[in-house]
2 protein chains.
Amino acid sequence: MPKINENYLNLKESYLFSEINHRVAEYTKQNPDKKVIRLGIGDVTRPLGDAIIKGLHEGVDAMASAGTFKGYGPEQGYEFLRSAVASYYAGHNISIDPSDIFISDGAKSDTGNITDIFGNDNVILIPDPVYPVYVDSNIMCGRKITYMSATAENDFLPLPDKNVHADLIYLCSPNNPTGAVYSYDQLKAWVDYALENEAVILFDAAYEAFISDSTLPRSIYAVEGAKKCAIEFCSLSKTAGFTGTRCGYTIVPKELVFKSSDGREVSLNALWNRRQTTKFNGTSYIIQKGAAAVFTEEGMAQCMENISYYKENARIICDVFAKKGIRYFGGEHSPYVWFECPGGMDSWTFFDYLLNNAQVVGTPGAGFGENGKNYFRLTGFGTRENTIEAMERIDKLI
Amino acid sequence: MPKINENYLNLKESYLFSEINHRVAEYTKQNPDKKVIRLGIGDVTRPLGDAIIKGLHEGVDAMASAGTFKGYGPEQGYEFLRSAVASYYAGHNISIDPSDIFISDGAKSDTGNITDIFGNDNVILIPDPVYPVYVDSNIMCGRKITYMSATAENDFLPLPDKNVHADLIYLCSPNNPTGAVYSYDQLKAWVDYALENEAVILFDAAYEAFISDSTLPRSIYAVEGAKKCAIEFCSLSKTAGFTGTRCGYTIVPKELVFKSSDGREVSLNALWNRRQTTKFNGTSYIIQKGAAAVFTEEGMAQCMENISYYKENARIICDVFAKKGIRYFGGEHSPYVWFECPGGMDSWTFFDYLLNNAQVVGTPGAGFGENGKNYFRLTGFGTRENTIEAMERIDKLI
């Protein structure tokens with residue numbers, strides 16, 4: 001009889017968004033006439049910019065004739081796209097070697113699969129609340145997780161504790177779900193801690209494009225020394241509306257060299273390269289052509305227009321909470337607004353309350369961890385019209 | 001200090017195709033004037049059919065306006081594509097529940113990632129020679145592998161041995177690299193063995209579209225009872241020329257239910273679903289639109305035209321070996337021709353010999369396992385012109 005991976009039995013029953021979808025489907029079935037507005041899942045709604053559409057069509061056209069047809073590409077991504085990503089970083093004064101960049105089908109795959117290259121006996125430090133993939137992908141390997149508290153008291157931006165040892169540290173800034181953004185000095189504290197403790201930071205920068213204050217770091221590599229202690233994940237899902245188009249990238253600097261138990265020097269870049277060449281066959285050429293268009297002047301301008309739109313939505317959400325005196329976080333350099341559930345409600349109770357009385361779907365903070373159990377996440381990813389309508393309903397209800 | 005996954009240190013130094021590329025690059029550098037013909041890697045060369053190109057363009061166009069824009073899709077793939085795959089199977093008299101089908105970015109990802117849902121204490125049975133991903137993905141988890149010999153004596157089609165216990169069995173038919181195809185009775189022997197031993201067969205059907213004899217099984221599910229003991233991987237890479245476009249699918253029947261060590265019933269379909277929803281965000285909508293076009297009458301006719309072209313190439317390769325009296329396998333229901341290296345050469349020696357004297361690149365059998373060390377693989381995936389030229393050179397050389 002095959003032995004299953006029994007670590008899966010330790011996972012919580014259902015994935016957050018499946019449970020939300022289930023409750024919404026149930027409500028809609030019972031109330032077919034009610035207009036439900038979804039500001040829950042962090043999914044974009046604006047179409048792709050023209051320059052990107054053009055790049056994608058060109059990718060498709062290349063597949064139509066033998067002279068330009070593309071078969072297997074490099075598992076790490078085409079040079080043209082790796083260079084485009086490196087130029088994007090250079091535009092923010094961060095120098096990245098294109099050969100340290102691995103193109104993928106999205107940050108969810110990479111943040112999930114990165115567990116492959118590490119042993120199971122590491123001390124894993126994960127903030128609470130947090131994007132569930134970091135937690136679940138480690139439970140799936142049977143790893144013990146140490147949580148660090150992100151609370152209103154530390155502005156949901158936990159800092160290193162000298163008394164806590166960690167080998168692998170997950171950080172996400174601008175944060176999902178809280179929208180909180182680490183300052184340069186705060187990230188530097190993490191890099192200093194990692195260098196001192198020989199830890200590796202797994203830094204999720206998926207929301208970096210929402211940062212408009214140039215003093216806030218958009219990448220962990222804005223901090224000197226980070227290439228010796230950090231892997232960075234990023235994605236075009238939020239930068240360019242690629243949630244359904246699928247493209248991301250992960251940076252594994254060749255400076256990341258550690259020792260195996262028998263003293264051999266091992267490069268994490270080489271391990272990840274081996275992982276990807278064995279279990280991945282590269283991102284579609286067509287999609288990579290569209291992704292490259294994101295990094296052109298025209299493509300980026302179109303992306304920034306969409307991001308401004310989403311940020312204006314976030315501002316509309318924040319304004320209602322400010323007016324009502326509800327404590328909230330994020331919403332400025334982030335599409336996410338994270339707020340305290342009114343009246344001391346727990347987050348699933350508030351989810352049902354909001355769905356039943358305002359027909360607005362948000363994300364209960366409990367889905368992101370213990371510290372989220374009295375918080376709730378709304379996103380600026382809806383349409384302007386729906387965002388305004390949802391917030392008018394909430395304004396009336398609360 | 002982070003503990004790396006030290007199982008990676010047990011992998012053979014380099015991935016087969018990287019080594020080939022390295023040797024070819026070296027040769028080309030030394031001999032820039034020589035025309036090298038590559039019949040090595042199993043990569044297609046024919047452009048995508050018009051119907052597929054049209055489907056892809058439609059997918060891109062949907063992303064261009066808010067009304068048709070697609071964000072996150074179901075991680076398991078869109079219903080339209082899952083149903084299209086089910087209909088394709090139905091066309092070969094095999095009934096598959098669409099909800100047992102998981103759409104992915106290719107069979108390499110799925111055959112690599114499937115290790116996630118099983119424990120590390122299984123007895124893994126893998127044929128030798130074999131597609132290296134099965135071996136490497138298991139070494140990466142520290143699993144012990146039991147090999148079964150595929151040799152000229154059993155026509156490279158090993159059958160179950162009652163005296164060998166196995167929990168997980170990898171089979172690939174039509175086979176990569178040997179081109180050998182299991183008959184119905186042979187596959188039935190495997191299914192019977194698996195049912196009796198409560199083993200799971202991991203069946204790779206990536207080359208099923210090359211079967212033209214309707215009595216040969218194109219799927220493990222052609223055998224009754226297989227849904228209780230087999231997972232099937234398939235891909236559009238070879239069926240539809242998607243090696244650079246990227247789409248595949250994996251079938252995990254809900255009948256696959258086993259017991260955990262504490263006696264709980266666990267569905268492999270549920271485990272794989274959890275794996276995919278946690279570590280994968282679905283295949284690009286654009287690519288799924290193209291994939292759906294493959295399964296239309298027009299799309300499939302265009303794919304079959306390309307497959308006939310490749311099979312004619314394989315016939316041209318076989319004819320030379322037949323004429324020369326070189327023992328070969330495959331090439332009939334497969335793009336692969338697997339032959340004994342002439343003059344008792346080992347396969348890497350023959351690789352260099354062929355590269356240096358005929359400027360033809362093939363794949364050394366040693367890259368697929370011990371039993372391949374005196375064999376060599378050529379593929380029908382080249383252009384007609386190159387295939388003819390390569391075989392004329394080989395005809396002269398040998």
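The contact between them draws 34 residues from domain 1 of chain A and 48 residues from domain 2 of chain A. The structure is a predicted model, and every value below is computed from it.

Chain A contains an open sheet of four strands in the order S11-S12-S15-S14, with antiparallel pairing. Strand S11 (328–330) and strand S14 (363–364) of chain A each have a single partner strand, so one side of each is left without a neighbour in the sheet. Strand S12 (residues 336–340) of chain A is paired with strand S15 (residues 375–379) of chain A in the antiparallel sense over five bridges, and A:Val337 has A:Leu378 in S15(A) as its bridge partner.

In chain B, strand S5 (residues 168–172) runs parallel to S6(B), and five bridges join the two; B:Tyr170 stands opposite B:Leu202 in S6(B). Strand S6 (residues 200–204) of chain B is mostly covered, five of its five residues being buried. In a regular strand the side chains alternate between the two faces of the sheet. In S6(B), B:Val200, B:Leu202 and B:Asp204 point one way and B:Ile201 and B:Phe203 the other way, and all are buried.

In soluble globular proteins, nonpolar side chains tend to be buried together. The largest nonpolar core here has 212 residues, and A:Tyr249 and B:Tyr249 are those with the most contacts inside it. A second, separate core of 62 residues includes A:Leu11, A:Met140, B:Phe118 and B:Phe233.

The contact between the chains takes 85 residues from chain B and 85 residues from chain A. Chain B and chain A bury about 7,000 Å² between them, of which 58% lies on carbon and sulfur atoms. On the chain B side, B:Met1, B:Tyr72 and B:Arg274 lose the most area to chain A, together 11% of what that side buries. Across this interface of chain B and chain A there are six salt bridges, whereas a search of the whole structure finds 42 salt bridges over all chains. The table lists some of the salt bridges in the model.

| Residue | Partner | N to O distance |
|---|---|---|
| A:Arg274 | B:Asp136 | 3.0 Å |
| B:Lys108 | A:Glu75 | 3.2 Å |
| B:Glu208 | B:Arg218 | 3.0 Å |
| B:Lys324 | B:Asp395 | 3.0 Å |

The salt bridge of B:Lys324 and B:Asp395 links distant parts of the chain, with B:Lys324 in helix H10 (residues 297–324) of chain B and B:Asp395 in helix H12 (residues 384–397) of chain B, 71 residues apart. B:Lys324 counts as partly exposed because its relative accessibility is 31%. In chain A, salt bridges that share partners join A:Glu19, A:Arg23 and A:Asp352 into one network.

By contrast with partly exposed B:Lys324, B:Glu208 and B:Arg218 are both buried, and B:Lys108 and A:Glu75 are buried as well.

Terms used: Residues numbered from 1 in each chain as written. Chains lettered and ligands numbered in written order. Predicted model: local features only at pLDDT ≥ 70, side-chain atom pairs only at ≥ 80, totals over all residues. Heavy atoms only, no water. Pairing = 2+ DSSP bridges. Core = buried A, V, L, I, M, F, W, Y, C linked by side-chain atoms within 4.5 Å. Buried < 20%, exposed > 50% of the residue type's maximum accessible area, 1.4 Å probe, protein only. Contact = heavy atoms within 4.5 Å. Buried area = accessible area lost by both parts, 1.4 Å probe. Salt bridge = Lys/Arg side-chain N within 4 Å of Asp/Glu carboxyl O.
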